[in-house]
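Thanks for coming. I have one structure to go through today, so please look at the screen.

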Amino acid sequence: MNVRRQLTPAEPLMRRIESASELDTPGKALGKKVRGAITPGPFKDAVSGTWLGHAVHPMLTDVVIGSFLGATLLDVFGGDRRGRASQRLIVVGILAYPPTALTGINDWADTEIAYEDVRRTGLVHAATNALALTLYGASLGARRRGAHGAGAALGALGAATLMAGGYLGGHLTLNQGVGPDRTVFDPGPPDWTPAADGSQLPEGRPTRVVVGDTPVLLLREGELVFAIHDRCSHRGCSLSDGSVEGDEIVCACHGSRFDRRTGALKRGPATEAQPAFQVRRRDDMIEVRLLSPD
Ligand code: FES
């Protein structure tokens with residue numbers, strides 16, 4: 001018997017977007033430009049949310065969406081007689097839009113390089129939101145000319161477009177996994193667990209082993225062995241493919257830096273520290289267990 005799962009109403013459209021290979025040429029070019037313009041450093045940390053503990057973008061979208069929708073709700077339920085409050089809310093939304101778009105495109109560019117579905121969905125998300133901005137801009141213009149009916153209608157169209165953009169943003173984070181800490185579901189073994197034969201570990205070179213289901217980076221420096229989670233919390237690259245610079249492990253994908261002993265985050269774009277492990281030797285066997293963040 002051929003059993004097929006029933007699709008949710010939006011799934012056919014999302015599948016169409018995710019398979020839209022015609023978006024790849026502009027998407028790749030844009031992603032490359034963004035990564036070239038926002039390179040590792042204080043500015044990238046600021047827009048990535050390294051200082052905050054997770055991405056900045058979702059908080060800023062609240063301001064844009066809240067302001068625009070607030071204006072439309074005032075149109076529906078009645079605001080002040082001259083519609084000034086609606087106009088002010090639209091102005092707030094327009095002013096909040098550039099930093100919101102900047103943080104979003106930065107997050108997207110760090111991911112699209114490896115995931116075609118993210119590249120395509122992100123482009124449609126951005127285009128949809130840009131259309132919503134345009135509609136609310138036109139709505140503001142109409143209101144200022146005294147055409148309040150047209151302004152409200154354009155705002156209502158903008159609100160519907162904004163909801164579509166919000167749905168796509170949710171799909172990017174919740175279904176396609178852009179943003180969550182990539183170590184959150186498997187931080188590592190809480191009890192002592194064999195990890196590797198210590199006599200086989202090379203000196204000073206990160207080595208990836210799998211402990212239980214968790215990839216762990218081991219780094220031997222003389223008699224000392226350090227261990228942190230090998231999957232970068234940012235976008236999931238293997239840290240053992242990166243380099244050791246002083247006390248830090250540098251991720252090869254986007255340049256995040258983590259303390260080799262504690263996993264502490266030293267530089268973004270990652271926003272979370274790496275889980276780190278206590279290490280002990282039993283004869284030649286290296287054993288690890290999760291280090292409490294405290
Ligand atoms: S995956 Fe982006 S910095 Fe490691």
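Which residues have the most contacts inside the largest nonpolar core? They are Ala195, Val216, Leu217, Leu218, Ala227, Ile228 and Val288, in a core of 25 residues. A nonpolar core here is a set of buried Ala, Val, Leu, Ile, Met, Phe, Trp, Tyr and Cys residues joined through C-beta atoms within 7 Å. Buried is 20 or more other C-beta atoms within 10 Å of the residue's own, exposed is 12 or fewer, and partly exposed is in between, with C-beta atoms placed from the backbone.

Before going on, a caution: this is a predicted model, where local features need pLDDT of at least 70 and side-chain atom pairs count only at pLDDT 80 or more, while totals for chains, interfaces and linings use all residues. Residues are numbered from 1 along each chain as its sequence is written.

At least two of its residues come from each of strands E1 (193-197), E2 (207-211), E3 (214-221), E4 (224-229), E9 (276-282) and E10 (285-290). Helices (H or I, at least four residues) and strands (E, at least two) are DSSP runs numbered from the N terminus. Leu218 touches Ala195, Ala196, Leu201, Thr207, Val209, Val225, Ala227 and Ile286, leaving out residues up to four places away in sequence. Touching, or contact, is C-beta atoms, placed from the backbone, within 7 Å. Apart from this core lies another, of 16 residues, including Leu89, Ile90, Leu154 and Ala159.

Now the sheet. Six strands make an open, antiparallel sheet in the order E1-E10-E9-E4-E3-E2; pairing requires at least two DSSP bridges between two strands. E1 and E2 are at the edges with a single partner strand each, so one side of each has no neighbour in the sheet. From one strand to the next the twist averages 35°, taken between lines fitted to C-alpha atoms in their N-to-C directions, on a scale from 0 to 180 degrees. E3 and E4 pair over six bridges in the antiparallel sense, and Leu219 stands opposite Phe226 in E4.

Next, Glu18, in helix H1 (residues 11-18). Is Glu18 buried or exposed? Glu18 is buried, because 20 other C-beta atoms lie within 10 Å. Outside its sequence neighbours up to four places away, Glu18 touches Asp117, Arg120 and Thr121. Glu18 and Arg119 are 101 residues apart in sequence, yet 8.3 Å apart from C-alpha to C-alpha.

Finally, the whole chain. The protein chain has seven helices and 10 strands, and 40% of its 294 residues count as buried. Its C-alpha trace spans about 80 × 55 × 35 Å along the principal axes.

Definitions and conventions: Contact = placed C-beta atoms within 7 Å.
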